[in-house]
Every structure is written in structure tokens, then in C-alpha cells.
Amino acid sequence: MNKTERQLAITLELQRRKVIRAEDLASLFETSVRTIYRDIQALSEAGVPIMGAPGHGYSLMEGYFLPPVSFTAEEAVSLLMGARFIEQRMDRAYGMQAQSAQRKIEAILPESVRKASSRVQETMRMLHPMEPDTTDRVKMYLNDIRNAILKQHKIRFNYLKKIPGADGKRSNQRVVSPYGLAFVRENWVLIARCELRQDIRHFRLSRMTELSVLEEEFLLPPDFDLNRYQPPDDRSEHVLIRAQFEAADKIRETLHFYIDHMEEKSNSVIFGFRVRYPEEILHHLLGLGGEIEVMEPESLRTRIREIATNMLKHY
């Protein structure tokens with residue numbers, strides 16, 4: 001990045017944020033604080049109304065707005081692909097805004113950049129393998145939950161768990177205080193404080209039914225920051241399997257989150273997984289068929305043997 005590009009980027013950053021320190025600008029643009037001081041002075045001399053002083057942070061005079069800037073083909077593609085992702089993954093309201101943003105971006109692009117960005121987009125495609133029967137419902141819930149988060153209202157829904165609880169039921173009703181939403185491995189997940197568990201829990205929107213926003217309000221804890229939030233790693237159970245080489249790549253792709261260690265042998269690969277409970281990866285292991293052997297725990301070996309025996313009864 002040359003001096004002119006950096007000074008333009010500094011102006012855009014000042015326009016985006018109320019106050020920013022020279023040290024933060026130096027870190028952002030990977031340069032020295034002294035260079036930032038010189039850039040700020042040059043911008044001020046050029047007529048950009050920057051207020052502040054070294055050590056206290058800089059800001060733009062209220063009302064100042066930098067005229068629209070031009071985009072490269074790569075920048076335009078980044079924005080258009082981002083808008084397309086929002087259109088596909090968010091609710092209808094945001095989808096319509098994403099479409100509007102795409103039209104505005106394309107309208108201001110020079111013809112040469114528009115053609116170049118179109119060529120790049122033709123070489124890329126975003127696939128979204130969400131289940132067709134849940135997509136509309138998930139998008140509707142996404143809108144309701146987003147509004148509940150902004151207004152700080154509790155929500156209620158029925159939730160379908162992976163495995164039955166102590167009462168033998170897979171579904172139960174939850175009332176939660178919604179803190180935020182995250183897109184995790186092709187699924188929207190709600191981070192919320194659950195009144196049933198009296199703790200923060202994660203809920204996949206695709207497993208929710210009968211969702212309603214309540215009149216009851218909640219207060220977001222002052223120390224909760226979604227961008228810094230790290231869920232506790234409660235994977236305390238260990239699973240050990242032996243896999244044929246042909247299955248190793250498939251395991252790395254589909255079970256990478258659970259892999260704790262792996263070791264290549266002369267004719268196989270040993271994988272160690274950490275899980276919350278062995279049944280959590282049972283359907284993945286069954287999908288690998290005879291290409292793998294579960295070594296530990298014995299309870300999982302027994303469970304797979306039972307399933308295989310039941311399957312043989314149908315053939």
C-alpha cells in the first residue's frame with residue numbers, strides 16, 4: 001500500500017469510527033506511529049477536517065463525508081458475493097436489502113469494472129445445502145429472533161434434541177434470553193441463556209418449532225460480548241477408530257472438529273476424537289461402513305454391532 005492509498009484508507013477508517021488512536025491505525029496499516037502522524041498532518045493540510053492530537057485519538061469533524069470511492073473488480077466481487085450470501089442465508093427483510101445493495105453497487109461501477117467483476121463471478125458459485133423443508137422456517141425464525149435480540153425480549157420454542165433426555169423425550173419447551181446469532185458449519189445457531197438449564201446454551205434454528213416472541217424483557221449482561229464469546233469445550237469423552245487410507249480424507253473433512261489426534265500406520269490411520277457423547281458422531285461412523293473399525297469405547301462398538309445386526313434382518 002503506497003502513501004496515497006494509505007491516506008485514503010485512513011480517511012475511510014476515520015469516517016467509519018468515531019475516534020481512533022494513532023497506535024491503532026499504525027497496527028491496522030502495518031506501519032509506524034510516526035508515519036501515521038505524518039499522514040494525519042498531510043490530510044489536514046489537504047483540507048480533511050481531522051480533530052484530535054497524538055495520544056488522544058483522532059476523529060473527523062461532524063458532517064464531513066468522503067465522496068464515493070471507486071472499486072476494483074476484486075473489491076466489487078467481494079461486495080457482491082457478500083450481498084449474495086446475505087440474500088441466501090438471512091431472512092426476507094435482509095434478503096431484499098441485499099438485493100438492493102447489489103443493484104446500487106453494480107449501478108456505480110464503471111463498465112470495464114462491471115464486466116471484469118461479472119467474469120470473476122461466473123467462475124465462482126456459493127452452494128447452500130440447508131434442508132429445503134427447513135429453509136423458509138429458519139429464515140422466518142431468523143427474523144423473529146433478530147428482532148427479539150434487538151428489543152431484548154425473551155422467546156419461547158420447542159426444541160428437538162439429538163438424543164432423548166432422561167425422561168425419554170427428544171423434544172421439550174425452552175424459554176430463553178437471546179444474546180446473539182452465529183452461522184456455524186452451514187447452520188444458524190442461537191446463543192442464549194436458557195431458563196431450564198440456568199446457563200448459556202446453543203440452539204440450532206433448524207431444530208426449533210412453534211417459536212414465539214414474549215412480552216417479557218431481559219437485560220444483556222454487561223460483560224457479554226458476542227465477538228469475544230468462546231463457548232466452553234465440554235468434549236470429555238474419547239473415541240478411537242482405525243480407518244483405511246481411502247476413508248482418511250473423508251474423515252478429515254467431515255469430522256475435523258472432533259479430531260484430537262491421528263497417527264498413520266503401515267496399512268491404516270488411527271483417529272482419536274473428543275466428543276460430548278459417543279452417539280454424537282455415530283451416524284458419521286455408520287456412513288463409513290466397513291472402511292473403519294471403532295476401537296474404543298466398548299459401548300460404541302456394542303451399539304454399532306446392534307445396528308448392523310438389525311440391518312442384516314432386512315436383507
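Trainee: Which elements each supply at least two residues of the lining of the second largest pocket?

Mentor: In this predicted model, the second largest pocket holds about 290 Å³ of space. Its lining includes Leu285 and Leu286, together with Ile292, Glu293, Arg301 and Ile304 among others. The elements that each supply at least two residues of this lining are H9, strand S11 (292-296) and helix H10 (298-312).

Trainee: Which element gives the most to the lining of the second largest pocket?

Mentor: Among the residues that line the second largest pocket are Arg301, Ile304, Arg305, Ala308 and Met311, and helix H10 covers residues 298-312. By class, the lining of this pocket divides into 7 nonpolar, 1 polar and 3 charged residues. With 5 residues, the element that gives the most is H10.

Trainee: How many residues does S6 give to the lining of the largest pocket?

Mentor: The largest pocket has a volume of about 1,700 Å³, and 40 residues line it, of which Arg185, Val189, His202, Arg276 and Glu280 lie nearest its centre. The elements that give two or more residues to this lining are strand S4 (171-184), strand S5 (187-194), strand S6 (199-204), helix H8 (245-254) and helix H9 (282-287). S6 gives the most, and its number of residues is 6.

Trainee: How many nonpolar, polar and charged residues does the lining of the largest pocket have?

Mentor: The residues nearest the centre of the largest pocket include Arg185, Arg276 and Glu280, along with Val189. Arg and Glu count as charged and Val as nonpolar. Over the lining of the largest pocket, the division by class is 17 nonpolar, 6 polar and 17 charged residues.

Trainee: Turning to the helices, are H4 and H5 roughly parallel or roughly antiparallel to each other?

Mentor: H4 and helix H5 (residues 92-108) pack with their axes 8 Å apart and at an angle of about 160°. Angles over 145 degrees count as roughly antiparallel, and H4 and H5 are therefore roughly antiparallel to each other.

Trainee: Is the crossing of H4 and H5 left-handed or right-handed?

Mentor: The contact is made on the H4 side by Leu79, Leu80, Ala83, Arg84, Ile86 and Glu87, and on the H5 side by Tyr94, Gly95, Ala98, Gln99, Gln102, Ile105 and Glu106. These residues divide into 7 nonpolar, 3 polar and 3 charged. As for its handedness, the crossing of H4 and H5 is left-handed.

Trainee: Is H4 oblique or roughly perpendicular to H6?

Mentor: The axes of helix H4 (residues 73-89) and helix H6 (residues 111-121) come within 9 Å and cross at roughly 55°. Angles of 65 to 115 degrees would count as roughly perpendicular, so at this angle H4 is, relative to H6, oblique.

Trainee: In which hand does H4 pass H6?

Mentor: From H4, the contact with H6 is made by Ala73, Ala76, Val77, Leu80 and Arg84, which meet Val113, Ala116, Ser117, Val120 and Gln121 of H6. By class this contact has 7 nonpolar, 2 polar and 1 charged residues. The crossing in which H4 passes H6 is right-handed.

Trainee: Are H1 and H3 roughly perpendicular or roughly parallel to each other?

Mentor: Lys3, Arg6, Gln7, Ile10, Thr11 and Leu14 in H1 meet Thr35, Ile36, Asp39, Ile40, Ala42 and Leu43 in H3, a contact that has 6 nonpolar, 3 polar and 3 charged residues. Helix H1 (residues 3-16) and helix H3 (residues 33-45) have their axes 10 Å apart and pack at an angle of about 80°. H1 and H3 are therefore, in relation to each other, roughly perpendicular.

How values were computed
Residues are numbered from 1 along each chain as its sequence is written. This is a predicted model: local features need pLDDT of at least 70, side-chain atom pairs count only at pLDDT 80 or more; totals for chains, interfaces and linings use all residues. Side-chain values use heavy atoms; hydrogens and water are left out. On a 1 Å grid over the protein atoms alone, a cavity is a set of points where a 1.4 Å probe fits but cannot get out, and a pocket is an open set with protein on both sides within 12 Å along at least five of seven lines; lining residues have an atom within 4 Å of a point. Grid points are joined across faces, edges and corners, and a volume is the space filled by probe spheres set on the points. Helices (H or I, at least four residues) and strands (E, at least two) are DSSP runs, numbered from the N terminus. Axes are lines fitted to C-alpha atoms, for helices over the stretch in contact, and angles run from 0 to 180 degrees between N-to-C directions. Angles under 35 degrees count as roughly parallel, over 145 as roughly antiparallel, 65 to 115 as roughly perpendicular and the rest as oblique. A crossing is left-handed if the near helix is turned anticlockwise from the far one by less than a right angle, and right-handed if clockwise. Contact means heavy atoms within 4.5 Å.
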